[in-house]
Amino acid sequence: MRRHIRRLCAAVCALGLAVLGAGPALGAAPITTAIYTADPAALVVGNTLYLYTGHDEAATGGTNFVMRDWHVFTSTDATTFTDQGAKLSLANFPWAGADAWAGEVEPHNGKYYWYVPVNGNGAGWMDIGVAVGDTPLGPFRDAKGGPLISDSTPNSSPLNIDPTVFTDDDGQVYMYWGSYNGVRAARLNSDMISLNGPVITPQGVSNFWEAPWMFKRNGVYYLAYAANDSGCSAPGYACIRYATASNPLGPWTQRGVVLDQVTSTTNHPAIIEFNGQWYMVYHNASSPGGGNFRRSVTLDKLYWNADGTMQKVVQTTGGTGGGGQPSGTNLATSATASTSFVSSWETLGAINDGFVPTSSADHSHGAYGNWNHQGTEWIEYRWTSAQNINRVATYWFDDNQGIDLPASCQVQYWNGSAYVAVPGQSACGVAGNTYNVTTFTPVSTTRLRLSITSRTGYSTGVLEWMAMRAGS
């Protein structure tokens, strides 16, 4: 997991440090909309797919993670999932106090070991604990009575989170974990609660940020992980890169991006084969009411190339996003966009690329945003010849941080000498997670402008602005 504040990113970018690029993504249907889920781990036992997830409980508009337990979901078809309930919580670890973050379950000698990062009550921040159960659904209990990994562990990561555990064909168990660019690995003893040798820093895992997931296929070791470099994601967001190796401890060879950024700033993979089909399990912020701290687990099919490399996962839509795209001829796609101001890390071209957002937090195709400006800003379309227009549809960008839904807006057109309000204008809507359609008496013009006034203390943004031809 990652704490992300847009204001901090802007300050870092202003210092000339590394910034990030953009990447496309849609949002697949969540495994549940009853609760918000995150940080999936996947396990197949018999004919059942088990998904172990975190549980986001932040309030609407929350600016930090609130996570106190983990849930287990089961499916026999990778389509319909049953919530088996909270099967592990912070209360299972008397030495832990907060932050039930991303874990993984690994079977061994007839038992099931659940490795989870938690905020320990002792010195330091995040530790990795271990719970054990007799079945994939538990009941689970603390297997060690204290952390397996902590800040006091020699060569531990700058942030000890997101463990992934893998058992090789010879029975040797390995664990990878870490964040803040500090990937770490170690062998585990057969008791599954102690280290067999030193913690190492694997080589070749380029652009690592967090959320490793390790597995083996056809004799090749694969390590997928969240990366936030400029080659794959927008500022403050993450994609999923992967690397391969001939040894479980590396060195690793970078193979590319397997999952583009999603609608949440964080990204977390689990890759599993089930009933002959491979899947990428991940989370996004595309559920109704979702956000960076109210995420939802989903999955999409993953396919392989003949040489053993992974094809990039196509993120499918599941109908859980905001209102559908209005019908009619969208003249915006042929217009040239301009603005009074756009943040250097945002993308003005996103407003007329024809992309259908899944929510107001869907930054996957970039977004227009004007942080840190407040008050009134504008975006504008120009055409080389006059267009007959009678309505617009605006999909607002809201990152639950410095950019918020606007206080008000107004549609204006160029009458040949000045910008004036379009005649007969209906309410200029400012709702999130939907297209806000504003109708007006048809105008013939070469320029159309949207004037946007922010709420106090916030800036504004737009994901898509459609301009519709009169009569279509």
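Visitor: Hi! What kind of model is this, and how are residues numbered?

Guide: This is a predicted model, where local features need pLDDT of at least 70, side-chain atom pairs count only at pLDDT 80 or more, and totals for chains, interfaces and linings use all residues. Residues are numbered from 1 along each chain as its sequence is written, and side-chain values use heavy atoms, with hydrogens and water left out.

Visitor: Let's start with strand β14. Is it largely enclosed or exposed, and why?

Guide: Strand β14 covers residues 220-227, and seven of its eight residues are buried, so the rest of the structure largely encloses it. Buried here means under 20% relative accessible area, exposed means over 50%, and partly exposed lies in between (1.4 Å probe, protein chains only). As for the strand itself, strands (E, at least two residues) and helices (H or I, at least four) are DSSP runs, numbered from the N terminus.

Visitor: Which strands is β14 joined to?

Guide: Strand β13, residues 208-217, runs antiparallel to β14 and is joined to it by seven bridges. Strand β15, residues 239-245, is also antiparallel to β14, again with seven bridges. Two strands pair if DSSP finds at least two bridges between them.

Visitor: Nice. Switching to charges: how many salt bridges does a search of the whole structure find?

Guide: The search finds 10. A salt bridge is a side-chain nitrogen of Lys or Arg within 4 Å of a carboxyl oxygen of Asp or Glu. In general, side chains of opposite charge can pair when their charged atoms come close.

Visitor: What does K216 meet in a salt bridge?

Guide: One partner is D168, at 2.9 Å from N to O. K216 lies in strand β13 and D168 in the loop between β10 (164-167) and β11 (173-177), so this pair ties together parts that are 48 residues apart in sequence. K216 also meets D169 in a salt bridge, at 2.9 Å from N to O. D169 is in the loop between β10 and β11 too, 47 residues apart from K216.

Visitor: Oh, R295! Which side chain makes a polar contact with R295?

Guide: The side chain of T266 does, at 3.0 Å. A polar contact is a pair of N or O atoms within 3.5 Å; within protein, one must be able to donate a hydrogen and the other to accept it, and residues adjacent in sequence count only if both atoms are side-chain atoms. T266 also has a polar contact of 2.9 Å with the side chain of H283.

Visitor: Where is T266 found?

Guide: T266 is in the loop between β16 (253-259) and β17 (270-274). At 1% relative accessibility, T266 counts as buried.

Visitor: One more residue: what about H108?

Guide: H108 is in strand β6, residues 104-108, and counts as buried at 12% relative accessibility. The side chains of H108 and N109 are joined by a polar contact of 3.3 Å. The H108 side chain also reaches the backbone oxygen of S190 at 3.4 Å.

Visitor: Great, thanks for the tour!
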